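Colleague: I would like a close look at a single part of this model. Please keep it brisk.

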Amino acid sequence: MGDLLGVAVLGAGHMGADHVRRLDQVVSGARVAAVADPDVERAKEATAGLDGVTVHTEAVAALDAPGVAAVLIASPGPAHEEALLAAFDRGLPVLCEKPMVPHSTGALRVVEAEARLGRRLAQIGFMRRYDTEYRRLKALLDGGALGRPLMLHCTHRNVSSPADFTSAMLIDSSVSHEIDAARWLLGQELTAVTVLRPASSAGAPEGLIDPQFVLFETERGALVDVEVFVNCGFGYQVRCEAVCEAGSARIGDEHTMVVTSGGRATEDVAQDYLVRFADAYDREVQAWVDATRRGRVTGPGAWDGYAASVVAEAGVRALETGGRVAVELAPRPDLYAEVSR
Ligand SMILES: NC(=O)c1ccc[n+]([C@@H]2O[C@H](COP(=O)([O-])OP(=O)(O)OC[C@H]3O[C@@H](n4cnc5c(N)ncnc54)[C@H](O)[C@@H]3O)[C@@H](O)[C@H]2O)c1
Ligand SMILES: O[C@H]1[C@H](O)[C@@H](O)[C@H](O)[C@@H](O)[C@H]1O
């Protein structure tokens, strides 16, 4: 056990429990050293059968537990800032689920704290950067064969949303993935947001504005549109089509077995992110463990988490006001001069 990276997992809900399983059974070079959740039963359930793990109700106690050398934050977004700052205080490398911090002022405090340390410690859980299809699209766009990208058309559908999901969370939780993916795929910052509201679905909980149509402008004149629909009822569907000057490329069409019988062709549609992005999560956490063991931080970082929070906040204001809202980023600290694109 000694040379394995001991990880404290904060939050043992859907994602946290899945990351505990991944660290224990899928990823090499790491072990779960501690798990914290105020709901202690969840922490116990997630760690059942694991050796050498301590269970805590306080996140900070898990950071100080024996054998902890790194932290995976999978608590709800509003708890992330405190956990990130506590990890920084202890010099612990962190993989933090998205959104890094849902509010831009808190996200900036995280960036500033890391900049004061003078070295990167945080990777943010934008796992689409590790998805095979997204990586192929990125390589194609970077290779230049299709020419300059003009537009991204994105679809983000969930079967249903958690009970506490708000209209703002369609943007700052769900669309945060498209915000990061667009910045990464295009290598450009997003500069303005407009949000349109189609009639809400009868399948959406009372009062939830669902679906929404979000339109981003970029610094070099591209447009990114996102249909986000988190109670569609019929499948977990994430698609992206890049339209460029010399061609287009589309990812995210269903790619499972197609069965043709009785004059009909049918295929299964993933029902949630744990299925659609299973490989991406595995590669993301393995890359984090490998880099951490080499004393490095790779992948999307705190600046990317901050930029996503600022853009999402502008999006929420656009949703509330019905207008076009400009994105204003703080000056980028030198630590992030090399953009992780
Ligand atoms: N990358 C992805 O595709 C993806 C998918 C789902 C969720 N997420 C993110 O993962 C995070 C967790 O989401 P979830 O769906 O697992 O939520 P969840 O509600 O299923 O689980 C959250 C857990 O955190 C616990 N918790 C609450 N406050 C805590 C604290 N201060 N410290 C430690 N634990 C605390 C809760 O008791 C709960 O068990 C969120 O940031 C969410 O946006 C990411
Ligand atoms: O927290 C989840 C997660 O980020 C999923 O990847 C996304 O599809 C959902 O919309 C969101 O609620």
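How do the residues of the shell around ligand 1 divide into nonpolar, polar and charged?

Modeller: This is a predicted model, where local features need pLDDT of at least 70, side-chain atom pairs count only at pLDDT 80 or more, and totals for chains, interfaces and linings use all residues. Residues are numbered from 1 along each chain as its sequence is written, and chains are lettered from A and ligands numbered from 1 in the order in which they are written.

The shell around ligand 1 holds 11 nonpolar, eight polar and five charged residues. Here Ala, Val, Leu, Ile, Met, Phe, Trp, Tyr, Cys and Pro count as nonpolar, Asp, Glu, Lys and Arg as charged, and the others, Gly among them, as polar. In total, 24 residues surround the ligand. Each has its C-beta atom, placed from the backbone, within 6 Å of it. The closest are Gly11, Gly13, Met15, Ala79 and Glu97.

Helix 1 (residues 14-25) gives the largest share of this shell, three residues. Helices (H or I, at least four residues) and strands (E, at least two) are DSSP runs, numbered from the N terminus. Helix 1 also lies across strand 1 (5-10), strand 2 (30-36) and strand 4 (70-73). It runs at about 155° to strand 2. Angles run from 0 to 180 degrees between N-to-C directions, with axes fitted to C-alpha atoms, for helices over the stretch in contact; contact means C-beta atoms, placed from the backbone, within 7 Å.

Six strands form an open, parallel sheet in the order 3-2-1-4-5-6. Strands pair if DSSP finds at least two bridges between them. Strand 3 (54-56) and strand 6 (122-124) stand at the edges, each with a single partner, so one side of each lacks a neighbour in the sheet.

How values were computed:
Contact = placed C-beta atoms within 7 Å.
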